[in-house]
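Biologist: I have a model open and want to learn to read it. Please take me through the sheet and the helix packing.

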Amino acid sequence: MSRVSWWMSLVVCLLLASSTGEAAPETKSPRKPYTRNVAIVLYESVEVLDFAGPAEVFQAASGFGASGQEKAFKVYTVGRTKAPLTSQQFLKVVPEFSIEDAPRPDIVVIPGGGTQVVLQDAEFMKWISKAAGESELALTVCTGAMTLGKAGLLDGLDATTYFRSIDSLQKMAPKARIHHGRRFIDSGRIVTTAGVSAGIDGSLHVVARLLGKRVADETAQYMEYKWTPEPYLLTEYSLFNPSLDERGRAIQQAGVYAQDKNWKAAVDTYRELLKAQPGDANLWSQLGQTLTAMKEYDGAIDAYARAAESKDQRLLSLYNTACVYSLKADNDRALEYLGKALDAGLKSNWPLSDPDLEHVRKDPRFQKLATRFK
């Protein structure tokens, strides 16, 4: 765990706690783009991967905000009501919000499936039309495009949908140009995708457009998803998050150094940044990970101690400290910090397979602690 690259910090926290490319839209304000509300629309018979794929992408990419501490995306689900619904006749899902109390989205994701449920509901259609019309960006997956077609929001635009629904969408939106054989189409404020898994590609494209190609690549890598944007799109994406200030870009650059195993450059960059903001716990954590990869274990332990001063970083830092002590073959301290991590709220059985804890797992005392893992 300690040796994972910077972007995996988000993944670890989650485990432990429980296309035509167009230029990116103009920034609304100096800070608003840093955390965008992403509303995932749910309804009876919604297709599982249609909503789960984009949700996975935006949630996995959410750790790449303005400074590495603010989230880039706040992902939530919205249903007609908050009543449980069934996806594909087997998966029970409970929306977090209803259309009555949902936060205003910056990005609205409209998946496909039994779309007639939405098309025949005047109030639901009214909410979707308003949300898509006022949001920074609307993303449809599969037959979710039907809702925007009926609302007239595809008029004059290029769009696509599930291959078996192309003709139906063209009839519903006669003023739109509906295309066969396209994985996704970016028409500016509206991105439409083909069916099911194509929503993942469209979502990664949106991430690349808003946060830069590097964030999209790392998100796809985490998901173990083969994302290969078409060559012409590469000229449209920035490498780094275009919303970031100079400090944010320096943090991303340090991550590039670490990914390239240019450890010294990464450490030097982190230390320079920490001189300016010594209270940045996220950076102390990243420094600890880099020093661990260099096998400079004592330095890593010191860095994690500084990171643990932050409530948000405490659990992860205690756990990573346990990993470092295990790598040092210091079982007493490794077990001590695993216990502290459990006391801080560790709710995962990840320690049972984490390679960094291989040494301490051989200690009989580890099994006693293991009874507390969930």
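Modeller: We start with the ground rules, then the sheet, then the helices. This is a predicted model, in which local features need pLDDT of at least 70, side-chain atom pairs count only at pLDDT 80 or more, and totals for chains, interfaces and linings use all residues. Residues are numbered from 1 along each chain as its sequence is written, and side-chain values use heavy atoms, with hydrogens and water left out.

Biologist: What is the order of the strands in the open sheet?

Modeller: Strands of a sheet pair through backbone hydrogen bonds, either parallel or antiparallel. Here strands are DSSP runs of E, at least two residues, and helices are runs of H or I, at least four, numbered from the N terminus. Two strands pair if DSSP finds at least two bridges between them. The open sheet has seven strands, in the order β5-β2-β1-β6-β7-β11-β10, with mixed pairing. β5 (97-98) and β10 (184-186) are at the edges with a single partner strand each, so one side of each has no neighbour in the sheet.

Biologist: Which strands does β7 pair with?

Modeller: Strand β6 (residues 107-110) runs parallel to β7, joined by four bridges. I107 has L137 as its bridge partner. Strand β11 (residues 190-193) is also parallel to β7, through three bridges. There, T140 stands opposite T192.

Biologist: Which way do the side chains of β7 point?

Modeller: In a regular strand the side chains alternate between the two faces of the sheet. In β7 (residues 137-140), L137 and L139 point one way, A138 and T140 the other. All are buried, meaning under 20% relative accessible area with a 1.4 Å probe, protein chains only.

Biologist: How do α9 and α10 pack?

Modeller: Helix α9 (residues 246-259) and helix α10 (residues 263-276) pack at about 155 degrees, with axes 7 Å apart. That makes the two roughly antiparallel (over 145 degrees). Contact means heavy atoms within 4.5 Å. Among the residues that meet are I251 and Y257 in α9, and W263 and L273 in α10.

Biologist: And at what angle do α8 and α9 cross?

Modeller: The axes of helix α8 (residues 213-223) and α9 come within 12 Å and cross at roughly 50 degrees. R214, V215, E218 and Q221 in α8 meet Q252, G255, V256 and Q259 in α9.

Definitions and conventions: Buried means under 20% relative accessible area, exposed over 50%, partly exposed in between (1.4 Å probe, protein chains only). Axes are lines fitted to C-alpha atoms, for helices over the stretch in contact, and angles run from 0 to 180 degrees between N-to-C directions. Angles under 35 degrees count as roughly parallel, over 145 as roughly antiparallel, 65 to 115 as roughly perpendicular and the rest as oblique.
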